[in-house]
Amino acid sequence: MRNNKNISKVSIIMGSQSDYSTMKFCEKVLKILKISFEKKIISAHRTPKRMFEYARNAEKNNISVIIAGAGGSAHLPGMVAAITRIPVIGVPIESKRLKGLDSLLSIAQMPKGIPVGTVAIGKDGAINAGLFAASIISTFDKKIKKNLENWRSKQTKSVKKKPK
Ligand code: RP5
């Protein structure tokens, strides 16, 4: 894990402990790609002050990309994006009653002016959020570019030509 102060990092935040069973897949990807990261529980409605302080200091804390997991009315990614200019990728968490459709629409349907990148609901989205963050970082970090290229090349090689 690269942890030098001058090296940019990804910040994984989530609205609740209950989101971690999904967000841990994002963490796994970042570990494989050797991207430095932090993880925090920050709720837009339960800990609004914590959210504001976090977003206000994100740039100063050398964060390059924020990945925010949230479920239900899922306003965390949009609120954080409104406070910082750092790119925010929202992961819609699968909710109990609406299977994450509520989370997906809340995150994807940001009105113009404050964008939030949105990925798929649940585990696939968490994995892609990690890969998406890596893509962003690869535009200015050669080591991460190499790691991501290697990862993608391995993925391609792992696809068999014929089904068994
Ligand atoms: C949201 O409410 C969280 O992101 C979570 O997905 C959802 C439910 O939270 P818990 O009631 O499980 O803490 O804020």
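Reader: How many residues does the largest nonpolar core have, and which of them have the most contacts inside it?

Author: Happy to walk you through it, keeping in mind that this is a predicted model. The largest nonpolar core has 25 residues, and Val10, Ile12, Ile35 and Ile67 are those with the most contacts inside it. At least two residues of this core come from each of strand S1 (9-14), H1, strand S3 (63-70), strand S4 (88-92), H5 and H6. H5 gives the most, with six residues.

Leaving aside neighbours within four places in sequence, Ile67 is in contact with Val10, Ser11, Ile12 and Ile13, with Met23 and Cys26, with Ile89 and Val91, and with Ala129, Gly130 and Ala133. Apart from this core there is a second, separate one of 19 residues, which includes Tyr54, Ala58, Ala74 and Val116.

Now follow H5 to its partner. The axes of helix H5 (residues 123-138) and helix H6 (residues 142-157) come within 8 Å and cross at roughly 135 degrees, so H5 and H6 are oblique to each other. Their crossing is left-handed. On the H5 side the contact is made by Leu131, Ala134, Ser135, Ile137 and Ser138, and on the H6 side by Ile144, Lys145, Leu148 and Trp151. By class, that gives six nonpolar, two polar and one charged residues.

One last stop is Thr22, in helix H1 (residues 20-32). Thr22 is buried, with a relative accessible area of 13%. Not counting residues up to four places away in sequence, Thr22 touches Ile93, Gly122, Lys123 and Ala126.

How values were computed:
Residues numbered from 1 in each chain as written. Predicted model: local features only at pLDDT ≥ 70, side-chain atom pairs only at ≥ 80, totals over all residues. Heavy atoms only, no water. Axes fitted to C-alpha atoms, helices over the stretch in contact; angles between N-to-C directions. Helix = DSSP H or I, 4+ residues; strand = E, 2+ residues; numbered from the N terminus. Parallel < 35°, antiparallel > 145°, perpendicular 65-115°, else oblique. Left-handed = near helix turned anticlockwise from the far one by under 90°. Contact = heavy atoms within 4.5 Å. Nonpolar A, V, L, I, M, F, W, Y, C, P; charged D, E, K, R; others polar. Buried < 20%, exposed > 50% of the residue type's maximum accessible area, 1.4 Å probe, protein only. Core = buried A, V, L, I, M, F, W, Y, C linked by side-chain atoms within 4.5 Å.
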